[in-house]
Amino acid sequence: MIKIMIWCIKSCMAVIISMVLLSLFTLMYSHSGVHIQNETGATDYKWEANQFRSTMQEGFSWLHMNADGFNNSFNLAETDHIDILLMGSSHMEAVNVPLNTNVGYLLNNKYASGYITYNIGMSGHTIYHCVNNLKNAIEYYNPSRYIIIETDRIELDEQKMFEVIEDKLPRIPSYDTGIKYHIQKYIPCFLPVYRELGNWKSAGENPTKKHLNNRESDIDQLKYKTLLNQFMQRIVEGADGKKVIILYHPETRLLSSGLFEEENIEPKEMFEAACLEHGINFVDMNDDFREEFKDRHKLAHGFINTGIGEGHLNEIGHSLIARRLGGVIKELDNGIK
């Protein structure tokens, strides 16, 4: 009995020490922290105030979210107004690059320094979530000049567009209380292990992408165009008279020949036409990315610890986007566009 008790104690101590060491490693290598429900509805969730974030898994950065739970160099309470509201996915959340190299920071300090840009980019918030939350975001932040919505996709899913149009898009859940919250908060190694188990489980899945030019009939295309226009109208209504800029940054995948993989042109033309029809400014970064690669052999996505051109925007991508947005904003201010 004594031997069994000693074995149990040793086993428990080994587990505890292992979790402590693994958690310390996680804090340095890849720590996301805990996200909580956003009571404003501007995003489905936000990070806890001053949440520490680290990554060496994709890019390299160690930073803190601001007091409002977003990746900004200042707190919302430190300014009396916002000129530009920046919305988007994990690309705009930008935890893969240092704080002073992301789009929001560069707009504030270099390319649109006359305006105050506030970034509420949040991982998991695709264009569907941004549009779904747009009205709440405008009501809470009340930007005086522009709303920028980032997206890495313009060939949109019909079901998700319909859910946004009908106010039925499911919100991303958060665990603000209970055992899941406390485990994530106080045992940092739990979340990455749980996430990797999920990735391992879904590794065999290989979803196929349905392109517009593969649609079986003109009726399918008409249905898609109708939904797309209703989706754009939802953006216009949510923006409440503010000028909207949709920023599109395509994947920068390379072929074995060293040339860019060609995009499917039809959905981009349809998306751009829908934007034009509804008075939405469409910014396509495709040419900027291609020119950067042609002139300097540098890609806008990917890091030295990831696949070539894969994953999130890197510092080059953020810089190119901020520069282009600064130029577009200047044109809009001068009435050129």
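This note comments on the predicted model above, point by point.

1. Basis. Residue numbers start from 1 along each chain as its sequence is written, and side-chain values use heavy atoms, with hydrogens and water left out. Because the model is predicted, local features need pLDDT of at least 70 and side-chain atom pairs count only at pLDDT 80 or more, while totals for chains, interfaces and linings use all residues.

2. Overall. The protein has eleven helices and ten strands (DSSP runs numbered from the N terminus: H or I of at least four residues for helices, E of at least two for strands). Of its 337 residues, 48% are buried (under 20% relative accessible area; exposed is over 50%, partly exposed in between; 1.4 Å probe, protein chains only). Of the contacts (heavy atoms within 4.5 Å) between residues at least 6 apart in sequence, 74% join residues at least 24 apart.

3. Helix 1. Val20 lies in helix 1, residues 2-29, and counts as partly exposed because its relative accessibility is 44%. Val20 also belongs to a nonpolar surface patch with Ile9, Met13, Ile16, Ile17, Leu21, Leu24 and Leu27, and together these have about 740 Å² of accessible area (Shrake-Rupley method, 1.4 Å probe, only the protein chains shown as cover). Patch members have over 30% relative accessible area and no salt bridge, with nonpolar side chains (Val, Leu, Ile, Met, Phe, Trp, Tyr) joined within 5 Å and like charges within 9 Å; a salt bridge is a Lys or Arg side-chain nitrogen within 4 Å of an Asp or Glu carboxyl oxygen.

4. Helix 4. Helix 4 is largely enclosed by the rest of the structure, because eleven of its 15 residues are buried. Just after helix 4, Asn142 has a positive phi of about 45 degrees.
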